[in-house]
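This briefing is intended to be read alongside the sequence and the 3D structure. Please keep both in view while working through the points.

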Amino acid sequence: FRGVPLSTRDAETRAAIASLDGMLDTGAVTAAWDAALQAPAWHGTPVWVHGDLLPGNLLVDRGRLSAVIDFGCLGVGDPACDLIPAWTLLSPQSRNVFRAALAVDDATWARGRGWALSIGLIALPYYQTTNPVFAATARHMIAEVLADLETMQ
């Protein structure tokens, strides 16, 4: 279910946005989601994707990535879903370095930002009371996506 076209997450993402009314700026996240959906779809050859590169699945030792775990979302498709560490782990400055090192085109970057937003929006209401650590990660993802979009304006 990862690596699929971002549009397949539209109904679930919009339902999550509606459930978050009063908790965050639903107008801003709706605009960000709409912008992500406007990015051209992936038409390249499907590639292997991990699909769940969230902080809990990336092990870091002395500031360096040492392992990736949890391959339950492994599949083939659009590589944009594997860009989510840009909005979960990286500062705006290091996010720019990450993007440059990957030589990611604008459309893939926009879809990656959309994946981060969608995952954050869906996770926040789901984990809000049962997993406060992951809910905090979701809030961070949403905030970073919105901040990233503001710098583009």
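Strands β2 and β3 pair in the antiparallel sense, over 4 bridges. The two strands form a hairpin, with 2 residues between them. The model described here is predicted, and the protein chain has an average pLDDT of 95.

**The hairpin**
- Leucine 59 has alanine 67 of β3 standing opposite.
- Aspartate 61 has arginine 64 as its bridge partner in β3.
- In the turn of the hairpin, arginine 62 has a positive phi of about 55 degrees.

**The largest pocket**
- The largest pocket holds about 290 Å³ of space.
- Among the residues that line the largest pocket are Leu58, Val60, Gly63, Arg64, Leu65 and Val68.
- Further residues of this lining include Leu53, Pro85, Leu89, Leu90 and Phe98.
- Both β2 (58-61) and β3 supply at least two residues each to the lining.
- The element that gives the most to the lining is β3, with 3 residues.
- By residue class, the lining consists of 9 nonpolar residues, 1 polar residue and 1 charged residue.

**Aromatic pairs**
- The count of aromatic pairs comes to 4.
- Why is the pair of tryptophan 87 and tryptophan 109 described as tilted? The ring planes of tryptophan 87 and tryptophan 109 stand at 50 degrees, so the pair is tilted, and the ring centres are 4.7 Å apart. An angle under 30 degrees would count as stacked and one over 60 as edge-to-face.
- This pair links distant parts of the chain, since tryptophan 87 belongs to helix α3 (residues 85-88) and tryptophan 109 to helix α5 (residues 106-127). The two residues are 22 residues apart.
- A pair of aromatic rings is described by the distance of the centres and the angle of the planes.

**Proline 46**
- Proline 46 is found in the loop between α2 (26-38) and β1 (47-49).
- When neighbours within four places in sequence are left aside, proline 46 is in contact with Val76 and Gly77.
- Proline 46 and tryptophan 115 are separated by 69 residues in sequence, and their C-alpha atoms are 17 Å apart in space.

**Confidence of the prediction**
- In the protein chain, 99% of the residues score a pLDDT of at least 70.
- Confidence is highest in helix α1 (residues 10-19), at a mean of 98.
- Confidence is lowest in strand β3 (residues 64-68), where the mean is 93.

Terms used:
Residues are numbered from 1 along each chain as its sequence is written. This is a predicted model: local features need pLDDT of at least 70, side-chain atom pairs count only at pLDDT 80 or more; totals for chains, interfaces and linings use all residues. Side-chain values use heavy atoms; hydrogens and water are left out. pLDDT is the predictor's confidence in each residue, from 0 to 100. On a 1 Å grid over the protein atoms alone, a cavity is a set of points where a 1.4 Å probe fits but cannot get out, and a pocket is an open set with protein on both sides within 12 Å along at least five of seven lines; lining residues have an atom within 4 Å of a point. Grid points are joined across faces, edges and corners, and a volume is the space filled by probe spheres set on the points. Ala, Val, Leu, Ile, Met, Phe, Trp, Tyr, Cys and Pro count as nonpolar, Asp, Glu, Lys and Arg as charged, and the others, Gly among them, as polar. Two strands pair if DSSP finds at least two bridges between them. Contact means heavy atoms within 4.5 Å. Rings of Phe, Tyr and Trp (its six-membered ring) pair if their centres lie within 6.5 Å; planes under 30 degrees apart count as stacked, over 60 as edge-to-face and the rest as tilted.
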